[in-house]
Amino acid sequence: MKITAIETQVCHARMRNWIFVKVITDQPGLWGWGEATLEWHTRSVVGAIEDLSQLLIGEDPRRIEHLWQMMYRQHFWHGNGIVRGTAISGIDIALWDILGKIHGVPCHELWGGRVRDYIRLYCHLGGGKMEDFYQTKPDDANRFGELAQQAVADGFTAFKSMAVPETMSLEGLKPVHYAEACVKAMREAVGSEIDIMVDCHARPSPRMGMQFAKALEPYGLYFFEEPCWPETMDDIALIQRAVKTPIASGERLIGVHAFREMLEKRAVSVIQPDITHCGGLSEVRRIAALAEAYRVSVAPHNPQGPVSTAASIEFGFSTPSYIICESVHNDVPWRVDVVSEGFTVQEKGRIVFPNQRPGLGIEIDEDEVKKHPFQQEVLQRTFYKDGSVGDW
């Protein structure tokens, strides 16, 4: 059995171009689907996948670890950068899909079987609609409350918001009061039984991140995400120790070595590896095993397309420390048209029951993908009031 081709199919989904990866074998009808979506770097990732394919054409797709090592270690440069890491991830996911199809079982059965009966999903405010999640003004607390109520009406028991505004490295109380008002409005709108997460998008400096964390501590957040840059890991650890709120981070980290540092520093209560960036299903399983040794929870970053979601769910059914899965359902109205999925979602509670199909249990409708060809992603730029560059 040999790999005969590795194809990429780009599907424009407004804020992102989903990059679907199709690994084709010499066995009729046997292929696997992966995803390598990386905002604003679509052409770079497609090129990186083409470069990596030189290593894999003619190889046995069942030797997944061997192929992963080749992708990561050959061509001199290790695959720990975001572009190559994403390319490796997309191919690796597709290889696991193939292996599940060969053996006729879902991927989670390849990894020791189910450790849970269902997985809980959480949504973004607005269900992934860019204007609601990213562009609701932080001084519009009432709007945050309305969107929170809508998330609960849609069946979710947990949701994430961007209630922390963009701030310079040091500001006064105004942005802190804004964030507090927004979180207060959400908590009052949905009550104490709904889990609320706040994502800082690593916008704040360590000092501002600390101020936001302390101001929001009384509202019982499920977790407080990326309070400052991951490059300042020691400062994330300081914030973790300063508040009762669980701190989460990791979506920008590539590979087990980066997560090792985070875990060694006791910087977070929740790691958020992105399966489409961190090295795929092969590497995220190593990352989760390391987190298990530290008794740290796993909640994968997953705002991308449907293959990323299927991979995140298969991973979750076999991972003991996995607690919840990020999901988007309203980013584009035709999302469900491009994919058929083996798992089922119960609307009340938004819980996912296991996939029964082999591999990832999904199939991409290539004709539907062709209806949404590549377009440049919506430009996102941030400048502070004085014109200096900020973090989006």
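Three residues stand out on the domain 1 side. Trp18, Trp96 and Pro106 supply 20% of the area that domain 1 buries against domain 2, more than any other three residues. These values come from a predicted model.

The domain assignment places domain 1 at residues 3-106. Domain 2 spans residues 110-371. Their centres, taken over C-alpha atoms, are separated by 24 Å. The contact draws 40 residues from domain 1 and 42 residues from domain 2.

The largest pocket has a volume of about 770 Å³. Its lining comprises 32 residues. Glu39, Trp40, Glu251, Arg252 and Trp392 are the closest of these to the pocket centre. By class, the lining holds 13 nonpolar, nine polar and 10 charged residues. Both domain 1 and domain 2 give residues to this lining, so the largest pocket lies between the two domains.

A sequence annotation can also be placed on the model. UniProt, in an unreviewed entry, lists residues 141-246 as "domain: Mandelate racemase/muconate lactonizing enzyme C-terminal". In the model, this span is 48% helix and 11% strand. The C-alpha atoms at the ends of residues 141-246 lie 23 Å apart.

How values were computed:
Residues numbered from 1 in each chain as written. Predicted model: local features only at pLDDT ≥ 70, side-chain atom pairs only at ≥ 80, totals over all residues. Heavy atoms only, no water. UniProt positions renumbered as here; feature names shortened; annotations may be inferred. Helix = DSSP H or I, 4+ residues; strand = E, 2+ residues; numbered from the N terminus. 1 Å grid on protein atoms, 1.4 Å probe; cavity = no way out; pocket = protein on both sides within 12 Å on 5 of 7 lines; lining within 4 Å. Points joined across faces, edges and corners; volume = space filled by probe spheres on them. Nonpolar A, V, L, I, M, F, W, Y, C, P; charged D, E, K, R; others polar. Domains from an automatic or database assignment. Contact = heavy atoms within 4.5 Å. Buried area = accessible area lost by both parts, 1.4 Å probe.
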